[in-house]
Amino acid sequence: MKVGLFFGSFNPVHTGHLIIASYMANFTDLDEVWMVVSPHNPLKDKRKLTNMYDRLEMTRLATEQAERVKVSNIEFGLPQPSYTVDTLAYLNEKYPGREFALIMGADNLASLKKWKNYEVLLANYKIYVYPRPGSDISDWANHPAIRVTDTPNMEISSTFIRNAIKEGKNVQFFLPDSVLEFIEGKNMYR
């Protein structure tokens, strides 16, 4: 089974994330996509992150009806900050019958050389890339591990949603109703 790992803070998970996960699960050769909720991405400020269990629950709520998209909290039990190469080593040990691939935006691919042991990732894993406007990935154009996809592009960010909620704006349709109800029920991002 070929599993695509879509890592993210999902703070909160939104329609753009879900379109990427769904596209990768249904329009590529991946059998499943696991949305891996990262407790702490080493390239982000941890102080700005909402509780990881709330982010996990929002991601679960958002994917309840998705057949080939699962949610993973695998990094919750690993040392923080989470490094992709370490998580993959753990997953390969825990699930020996699965082949793992990475899913990332072109913006992340453009900065891949800043990642811990990025050479190991390129040597051992396929990387499925979704487009991001303004990201130059021409350096990676012919790399055998890189597969650039035609994933539909959505200009929605979690930062935009958090700011909109803080300003009292209506964010209906930017995220699933179940996630919006969860956010409102906990009075998050205000």
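This note goes through a helix pair, the aromatic pairs and some backbone features of a predicted model.

1. Helix α2 (residues 52-63) packs against helix α7 (residues 177-185) at an angle of about 150 degrees, and their axes lie 8 Å apart; that angle makes α2 roughly antiparallel to α7, since values over 145 degrees count as such. The crossing in which α2 passes α7 is right-handed.

2. On the α2 side, the contact is made by Asp54, Glu57, Met58, Leu61 and Ala62, and these meet Ser178, Val179, Phe182 and Ile183 of α7. By residue class, the contact of α2 with α7 divides into 6 nonpolar, 1 polar and 2 charged residues.

3. Across the whole structure, a search finds 8 aromatic pairs. One of them joins Phe6 and Tyr130, whose ring centres are 6.0 Å apart and whose planes stand at 75 degrees, so the pair is edge-to-face. The pair links distant parts of the chain, given that Phe6 belongs to strand β1 (residues 2-8) and Tyr130 to strand β5 (residues 127-130), 124 residues apart. Phe6 is buried, with a relative accessible area of 3%, and Tyr130 is buried as well, at 8%.

4. Tyr53 and Phe76 form another edge-to-face pair, because their planes are at 85 degrees, with the ring centres 5.3 Å apart. Here Tyr53 comes from helix α2 and Phe76 from the loop between β3 (69-72) and α3 (84-94), 23 residues apart, and the pair is again a link between distant parts of the chain. The two residues should be read separately as regards accessibility: Tyr53 is exposed, with a relative accessible area of 51%, whereas Phe76 counts as buried at 13%.

5. Phe10 deserves a check on two counts, as ring pairs link Phe6, Phe10 and Tyr130 into a cluster, and Phe10 has a positive phi of about 50 degrees although it is not a glycine. Phe10 is placed in the loop between β1 and α1 (15-27), and it is buried, with a relative accessible area of 2%.

6. A positive phi is also found at Asn117, a residue other than glycine, where the value is near 50 degrees. Asn117 sits in the loop between α4 (106-110) and α5 (118-124), and at 38% relative accessibility it counts as partly exposed.

7. Two cis peptide bonds complete the list of backbone features. The bond from Asn11 to Pro12 is cis, with omega near 0 degrees, and Pro12 is found in the loop between β1 and α1. The bond that joins Gln80 and Pro81 is cis too, with omega about 0 degrees, and Pro81 lies in the loop between β3 and α3.

Terms used. Residues numbered from 1 in each chain as written. Predicted model: local features only at pLDDT ≥ 70, side-chain atom pairs only at ≥ 80, totals over all residues. Heavy atoms only, no water. Axes fitted to C-alpha atoms, helices over the stretch in contact; angles between N-to-C directions. Helix = DSSP H or I, 4+ residues; strand = E, 2+ residues; numbered from the N terminus. Parallel < 35°, antiparallel > 145°, perpendicular 65-115°, else oblique. Left-handed = near helix turned anticlockwise from the far one by under 90°. Contact = heavy atoms within 4.5 Å. Nonpolar A, V, L, I, M, F, W, Y, C, P; charged D, E, K, R; others polar. Phe/Tyr/Trp six-rings, centres within 6.5 Å; stacked < 30°, edge-to-face > 60°. Buried < 20%, exposed > 50% of the residue type's maximum accessible area, 1.4 Å probe, protein only.
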